[in-house]
Amino acid sequence: MHAFLIIGRDLAIQQKVNELSENLKLKQLNYEIKKIEDVRSLNKLISLTLDEPTAIIIKDINGATDEALNAFLKNLEEPQANLYFILTSRNEQSVLSTIVSRCQIIRVLINSDGAGQDSKINDFIGLSTPEKFLYIDKLRKRDEAVSFLEESIFACHRKLHNDQENYRLLAKYLTVLGQTLKRIRGNGNINLQLTNMVLGLV
């Protein structure tokens, strides 16, 4: 296996990357993939013959667009002998299934039991519409918005199992949050998509 997908949300991910690289005696090379142009740049790099076993570390692969992931897929199917890929993601569900199926999945322990995130989504649901706008105004960066949306979606899923009384509300949140996450991961304007999200929750 020349491709690994490490799933987790804390510093244990980096420890696992280092452990895996050390066990396989791999030189680490960090690379970011967000857009298809990044994949084209990577392809030029790995078209060169590698003299020593090397791991291309791609953190938060879930932040790449679907177009970029589809272009990257060929690299997982036809790796050269000395090349390994170590990908990381907060969760498996946000990565294309075709990528996941070509990787060995490694899950690291998460320190949180999710209670903190459940509390945050409870607080967000309880905010008035103007307060929600103030809340999302703090989410300036794409990774911050993606993290908020992913954690909110997981918290809503957990609440669905225990809060049948608010089933309709939670289902609405899941739909709107999921649509917003997809658009932001697809390189949509962060402020516009979050604004539309709040309006969709009214």
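Predicted model: local features only at pLDDT ≥ 70, side-chain atom pairs only at ≥ 80, totals over all residues.
Residues are numbered from 1 along each chain as its sequence is written. Local features need pLDDT of at least 70, side-chain atom pairs count only at pLDDT 80 or more, totals for chains, interfaces and linings use all residues, and side-chain values use heavy atoms, without hydrogens and water.

Start with β4 (83–89). Strands are DSSP E runs of at least two residues, helices are H or I runs of at least four, and both are numbered from the N terminus. Seven of the seven residues of β4 are buried, so the strand is largely enclosed by the rest of the structure. Buried means under 20% relative accessible area (1.4 Å probe, protein chains only). L83, F85, L87 and S89 lie on one side of β4. Y84, I86 and T88 lie on the other.

Now look at the partners of β4. Two strands pair if DSSP finds at least two bridges between them. β1 pairs with β4 in the parallel sense over five bridges, and I7 stands opposite S89. β3 also pairs with β4 in the parallel sense over five bridges. There, A55 stands opposite Y84.

Next comes the largest nonpolar core, with 25 residues. Such a core is a set of buried Ala, Val, Leu, Ile, Met, Phe, Trp, Tyr and Cys residues joined through side-chain atoms within 4.5 Å. Among the members touching the most others are I33, I58 and F85. α3 gives the most to this core, with five residues. A second, separate core of 24 residues includes F124 and L174.

Terms used. Buried < 20%, exposed > 50% of the residue type's maximum accessible area, 1.4 Å probe, protein only.
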